[in-house]
Amino acid sequence: MNDIAVIIPARGGSKGIPNKNLTLLEGQPLIDYTIKFAKNLNLPIFVTSDDKNILDRADFFDVEKILRPIKYATDNSRIIDTLLHAAKIINNPRKIYNSLIVLQPTYLTRKLKEINS
């Protein structure tokens, strides 16, 4: 059995657009679009962030949240380190996820068929 989880990495800082993951786009925070899309996959969803307001959005949508250490939330942090941290948090003796689907909040043009292929 291949157990799959969705990871949404959304850090609070951004050089180009401050608080970009919470920036309103047509009246909704940017992160909301990705969380709503992820809910269509019917898989466990984990939002990883260093930002309390982003984690509050995860609460609003009733998805799991992972508080990301600052060392994984800098401009120089590598996404792989963020994903390895998240994998350590979500995997435990009762549940092991063999695969992760990573959905970046800034990529809004994804389609379900791209993931379900």
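This is a predicted model: local features need pLDDT of at least 70, side-chain atom pairs count only at pLDDT 80 or more; totals for chains, interfaces and linings use all residues.

Colleague: Is Asp32 buried or exposed?

Modeller: Residues are numbered from 1 along each chain as its sequence is written, and side-chain values use heavy atoms, with hydrogens and water left out. Buried means under 20% relative accessible area, exposed over 50%, and partly exposed in between, with a 1.4 Å probe and protein chains only. Asp32 has a relative accessible area of 3%, so the residue is buried.

Colleague: Which residue meets Asp32 in a salt bridge?

Modeller: A salt bridge is a side-chain nitrogen of Lys or Arg within 4 Å of a carboxyl oxygen of Asp or Glu. Here the N to O distance is 2.6 Å. The pair links helix 1 (residues 30-39), which holds Asp32, to helix 2, 25 residues apart; helices (H or I, at least four residues) and strands (E, at least two) are DSSP runs numbered from the N terminus. The partner in the salt bridge is Arg57.

Colleague: Over the face of which ring does Arg57 lie?

Modeller: A charge sits over a ring if NZ of Lys or CZ of Arg is within 6 Å of the ring centre and within 35 degrees of the ring normal. Arg57 is placed 4.5 Å from the ring centre, and the ring belongs to Phe60.

Colleague: How many aromatic pairs does a search of the whole structure find?

Modeller: Rings of Phe, Tyr and Trp (its six-membered ring) pair if their centres lie within 6.5 Å; planes under 30 degrees apart count as stacked, over 60 as edge-to-face and the rest as tilted. One of the pairs is Phe46 with Tyr97, edge-to-face at 5.9 Å centre to centre and 75 degrees between the planes. Another is Phe60 with Phe61, also edge-to-face, at 5.0 Å and 85 degrees. The search of the whole structure gives 2.

Colleague: How many residues of strand 4 are buried?

Modeller: Ile45, Val47 and Ser49 point one way from strand 4, while Phe46 and Thr48 point the other way, and all are buried. Phe46, for one, has 10% relative accessibility. The count for strand 4 is 5 of its 5 residues.

Colleague: In strand 4, which residue is the bridge partner of Ile7?

Modeller: Two strands pair if DSSP finds at least two bridges between them. Strand 1 (residues 4-9) and strand 4 run parallel and are joined by 4 bridges. Within this pairing Ile8 stands opposite Val47, and the partner of Ile7 is Phe46.

Colleague: Which residue forms a salt bridge with Asp3?

Modeller: Asp3 lies in the segment before strand 1 and its partner in the loop between helix 3 and strand 6, so the pair ties together parts 92 residues apart in sequence. The closest N and O atoms are 3.3 Å apart, and the partner is Lys95.

Colleague: Is Lys52 buried or exposed?

Modeller: Lys52 forms a salt bridge with Asp56, the closest N and O atoms being 2.9 Å apart. Both residues lie in helix 2, 4 residues apart, about one turn of the helix. With a relative accessible area of 58%, Lys52 is exposed.
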